Amino acid sequence: MCGIVGGIVDSNIVPTLLQGLLRLEYRGYDSCGLSISGESGLRRLRSISRVKDLAENARDLKSRSGLAHVRWASHGRPTIANAHPHFSPTAGEPLISVVHNGIIENYIELRARLIASGVSFASETDTEVIAHLVADLYRGDLLSAVREAIASMRGSFAIAVMSSRDPDRVVGARAGSPLLVGRAAGKSGYLVASDVLALAGVAGEAAYLEEGDVFAFSRDDVFILSAEGKAVERHWFAVSSSVSTPELGPFQHFMQKEIFEQPNALADTIDGVQADLVTAQRGEWDFGDVDSVLLLACGTSFHAAKIAAQWIETHCGIVANAEIASEYKYRVSVPGPNRLVVTVSQSGETIDTLTALRHAKRLGMTRSIAICNVGTSALVRESDRHLLTRAGLEVGVASTKAFTCQLAALFALTLAIGRAQGRLSEEMERDHLTQLQGLPDKVSAALALEPTIISWAQALQRREHVLFLGRGIHYAVAMEGALKMKEVSYIHADAYPAGELKHGPLALVTPEVPIVATAPNDELFEKLYSNLQEVRARRGFVYLLVDSDLSLESDDDLRILPVPLQRGPLAAILHTIPLQLLAYHIACLRQTDVDKPRNLAKSLTVE
Ligand code: M6R
């Protein structure tokens, strides 16, 4: 969360800072800001609007050195006062400017100590303590002051710091949040960023800092100190000279585009994952002695993990549990030496999932597979093995194509485990694989339901609460439908296993609180249909997704949408498509910021 870019170059750095911020906006868009150093000291510009707005106001700014930041608010509301960079002191000439990603966990204690010593604060952020700490410790050497300040900070952070007294120097540190330094391309100068994306085209090469590293650079030189304080070299790699800017094409939003990209994304993922699994099994991957599976993930990826856990128990006959990563790492759990840990993540940078994996490893569970959309991500790097989804870049904060691709990859993995466990015959595996390969065409057919979904969206757009129901794996599909609805349309939505309704949530049902249910024509259909009758008996209005081979008619209080037929486990993917479209079209009708919903960010790198 949050994004950092900064540096010292031999021409005006402001366009580089602004371009970097635009590319980092996916990490947070609550506010943004930059500080530059000039003859009259440090100057800063901040905005609680988007980077485009900051760029408008920064048109006349010029400097060869500066720091910039996009913020996802954690401590303190998205106000100008809380936007980075933070300065110290708060009155008079600023001495120190700081940008920060992550969280300083002991900031309350540090803040109290600084206030007691006479420091006044201008913001509610944890970041501001860094600025004041460094200013307090500054005796003419910025590097020493930053190192001393860090020694008293607890938490997970990446920082970059400048001083008005030494405008030709940037100092920074990495402790739990990614940070890299770059050499300016074709000219002198150095840069710092929290994501290599911000350096494409401006840095010729870059090096990732390692945990505990501190760096300092001027226009001509850079050096890195390890956590032990020793001068170290890190691996420098070539930075791509350009980034391809994702195009919207004929679509209104990236979310819509990404929903419609699913047939191709799925086809690529299915081909890629199958090939990877064949190669892997010929090599050293052996699932024969795996006795259980633990799936760790967050948000949408957790819903994919939850579905996969049921697939694995059904088709592999071994225990499988999906756990919310942020909970798993803080509870006492029983490790299993032969348990396979499967992490699921679009970005591969979600700190909760990463730390849950590290926790599982510490408990002795060393066999891990990451299902991930980004091959260079931390999750892939830290996992024993990985299977990449090939969804392509997902820009919309609401995850859509990544989810269905995760499911496709997890299904292929389920089949591989099932075969190795002797639970699936070759013929059964082949049959399932044929179904999997036929999925992209059926997803295309499901996308053709958009006009009906638009009419549902028109009917639902003014509701403030919606309940989603499903049974079996379709409970997780309902959870995903509810999450999409909350995220982009801001309608309060909750999901329940349909049988749970009568145990409490039925009290919520009124003509104002509609129900959306996903009901494939499986062994649970009749049970679910009975649950829906209980809703209709209480004047609830039902929107029902069914398989296309069921002959059900819409009624005054019941709208039926037949979904292209897909028997068995993969029906979960088909039933997800209309729910994605529903959330999307309601969001459009409610005129929300579809691709950047309020309060959210695409990549969540703080706990
Ligand atoms: O990158 P990840 O898959 O690890 O992200 C996990 C969640 O943060 C993510 O799925 C989030 O819930 C999405 N915004 C949902 O649309």
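Tyr 490 sits in the loop that runs between helix 15 (473-489) and strand 22 (492-497), where helices (H or I, at least four residues) and strands (E, at least two) are DSSP runs numbered from the N terminus. The phi of Tyr 490 is near 65°, a positive value in a residue other than glycine. This is a predicted model, in which local features need pLDDT of at least 70 and side-chain atom pairs count only at pLDDT 80 or more, while totals for chains, interfaces and linings use all residues. Residues are numbered from 1 along each chain as its sequence is written, and side-chain values use heavy atoms, with hydrogens and water left out.

- The protein chain is divided into domain 1 (3-238), domain 2 (249-437) and domain 3 (443-607), with bounds that come from an automatic or database domain assignment.
- The centres of domain 2 and domain 3, taken over C-alpha atoms, are separated by 24 Å, and 42 residues of domain 2 are in contact (heavy atoms within 4.5 Å) with 39 residues of domain 3.
- Between them, domain 2 and domain 3 bury about 3300 Å², of which 66% is on carbon and sulfur atoms; buried area is the accessible area (1.4 Å probe) that two parts lose on being put together, summed over both.
- Of the area that domain 2 buries against domain 3, Met 255, His 303 and Val 397 supply 19%, more than any other three residues.

- One salt bridge is found across the interface of domain 2 and domain 3, the rule being a side-chain nitrogen of Lys or Arg within 4 Å of a carboxyl oxygen of Asp or Glu.
- The side chains of Lys 602 and Glu 394 meet in a salt bridge, at 2.7 Å from N to O.
- Several helices, including helix 6 (254-260), helix 8 (299-316) and helix 12 (401-420), each supply at least two residues of the side of domain 2 that touches domain 3.
- Helix 8 gives the most to that side of domain 2, with nine residues.
- The residues of this side divide into 19 nonpolar, 18 polar and five charged, where Ala, Val, Leu, Ile, Met, Phe, Trp, Tyr, Cys and Pro count as nonpolar, Asp, Glu, Lys and Arg as charged, and the others, Gly among them, as polar.

**Aromatic pairs**

- The count comes to nine aromatic pairs, for which rings of Phe, Tyr and Trp (its six-membered ring) must have centres within 6.5 Å, with planes under 30 degrees apart counted as stacked, over 60 as edge-to-face and the rest as tilted.
- The rings of Trp 311 and Phe 411 are edge-to-face, because their centres are 5.0 Å apart and their planes stand at 75°.
- Since Trp 311 lies in helix 8 and Phe 411 in helix 12, the pair ties together parts that are 100 residues apart in sequence.

**Backbone features**

- Most residues other than glycine have a negative phi, and most peptide bonds are trans.
- The peptide bond from His 84 to Pro 85 is cis, with omega near -5°, and Pro 85 is placed in the loop between strand 4 (65-71) and strand 5 (86-88).
- The peptide bond from Ser 88 to Pro 89 is cis, with omega near -5°, and Pro 89 lies in the loop between strand 5 and strand 6 (96-104).
- Asn 599, which is not a glycine, has a positive phi of about 70° and is found in the segment after helix 17 (571-589).
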